[in-house]
Amino acid sequence: MPQEQPMQEIPNKKLSSLPVSFFGACMGLSAMGVAWYAMSNFSLLYSTDSQHNLTYIPQPSFIISPSFADMLSLIFALLAIVVFIMLSIAYTIKLITSFESCKQEFLSPITRPFFATICITLLLLPFTLQRLEIPEIISFIIWIMGAISMLIFSVHIVQFWICHKFELSDITPAWIIPVVGLLDLPLALPLFSQFDVMPDVGFLISIFCLAVGFAFTILLCTLIFARIVFFAKLPDKLMPTLVILLAPFGAGVGAYMVFISMQALTLGENSLGFLAMDSTPYILFLIGLFLFFALLPQIIQIKKCCPFRISWWAISFPLAAICIANIRINTEILEFPKSFALLTSPLINIETIFSFFSTSLLIFTTLVFIWLIVRTLVGLLKGELQNLS
């Protein structure tokens, strides 16, 4: 017995330091797989249309090879699945062996919102499973689990905020995560054949998520800016979470496009043609783009402001979401050039500008991901989990 006790305490001590926020890595990796898949489709569409239809748009040399983009999307999809399985097993062990540690995480107003990262990961996994050609029914079941858990957790977290008194210092950008979760909920609807038959259900789901998601985005962004500007700056270890402010606008572009598509199917109209006439996705993306440039100095200086922490993974999903929004908007411009004819001239070409920026942003974000992966693996191999959390 004296020899068995240390063997039981070691895993408890190690896994008790595993933060639930680590599931943010699964969110980011899943979104990055979607971003590269969207880039592969855009590159293929561009190379085809530029040869046949879009003769007035010069084909830029910075478009990435479709096969290369497709390969990277598969790599990130595989990483997302592997990391999610490993983290699920590890956190389940922590829940069993270090229940008090999990309880403290859930009771804290600072870390409780991070539990939504598990729900959001379930909502994003169908994209990765589709890339791996897993049967649709499995993806649909996982999405249902994520949607139900996300709705329940969102109601719970708002009730938690309303029924308890907090200090302004308790508010962090992580409070936005449950809101982003609602905006992520309708993203996978086009993947499932069930919603082709029942577009009105998809329409109701998407409009509900958009309404609640953006209502609380406005409210929480106001509170977060009030805390940062008038009360106190974030602690160093939470500085990377500032990038979460980008997430509602990046995810909101995709959610709004799904809403318009479902609305068009319900009304019996051509969904893409209807979408091309709506400027809301562009407004949401440009707000996110403005915030990206405002936060860019902070993103670059994160390494200097604080040592590496698991919280650094908070920057992964928002950056990937902005990449996806940029590529999707670029695809819409490409598919419906007549809608943007006034913006196209020999001196300025909106499609070329968006193409250049989407490619540059995707490469920049990929480099950030590579650094995060390498630094996390080095820390785990050195046994620094307690210091990283």
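## Contacts along the chain

In this predicted model, residues 24 or more positions apart account for 83% of the contacts in the protein with a separation of 6 or more. A contact means heavy atoms within 4.5 Å.

Residues are numbered from 1 along each chain as its sequence is written. Local features need pLDDT of at least 70 and side-chain atom pairs count only at pLDDT 80 or more, while totals for chains, interfaces and linings use all residues; side-chain values use heavy atoms, with hydrogens and water left out.

## Helices and burial

The protein has 15 helices and zero strands. Both are DSSP runs numbered from the N terminus: helices are H or I with at least four residues, and strands are E with at least two.

Of the 389 residues, 52% count as buried. Buried means under 20% relative accessible area, exposed means over 50%, and partly exposed lies in between (1.4 Å probe, protein chains only). Leucine 78, in helix H3, is partly exposed at 46%.

## Aromatic pairs

The model contains 19 aromatic pairs. Rings of Phe, Tyr and Trp (its six-membered ring) pair if their centres lie within 6.5 Å; planes under 30 degrees apart count as stacked, over 60 as edge-to-face and the rest as tilted. Tyrosine 91 and phenylalanine 115 have ring centres 6.5 Å apart and planes at 80°, so this pair is edge-to-face. Tyrosine 91 belongs to helix H3 (residues 66-97), whereas phenylalanine 115 is in the loop between helix H4 (99-107) and helix H5 (116-131), so the pair ties together parts that are 24 residues apart in sequence. Tyrosine 91 is buried, at 7% relative accessibility, and phenylalanine 115 is buried as well, at 14%.

## A cluster and a charge over rings

Tyr91 and Phe115 also belong to one aromatic cluster together with Phe23, Phe84 and Phe106. Arginine 112 has its charged end over the ring of phenylalanine 106, 4.2 Å from the centre. Arginine 112 also lies over the face of phenylalanine 160, at 3.7 Å from the ring centre. A charge sits over a ring if NZ of Lys or CZ of Arg is within 6 Å of the ring centre and within 35 degrees of the ring normal.

## Packing of H6 and H7

H6 and H7 pack at an angle of about 145°, with their axes 10 Å apart. Axes are lines fitted to C-alpha atoms, for helices over the stretch in contact, and angles run from 0 to 180 degrees between N-to-C directions.

In H6, the residues Met150, Leu151, Phe153, Ser154 and Ile157 meet Pro178, Gly181 and Leu182 of H7. By class, this contact has six nonpolar, two polar and no charged residues. Ala, Val, Leu, Ile, Met, Phe, Trp, Tyr, Cys and Pro count as nonpolar, Asp, Glu, Lys and Arg as charged, and the others, Gly among them, as polar.

## A loop residue

Glutamate 133 lies in the loop between H5 and H6. Its phi is near 60°, a positive value in a residue other than glycine. Glutamate 133 is exposed, with a relative accessible area of 71%.
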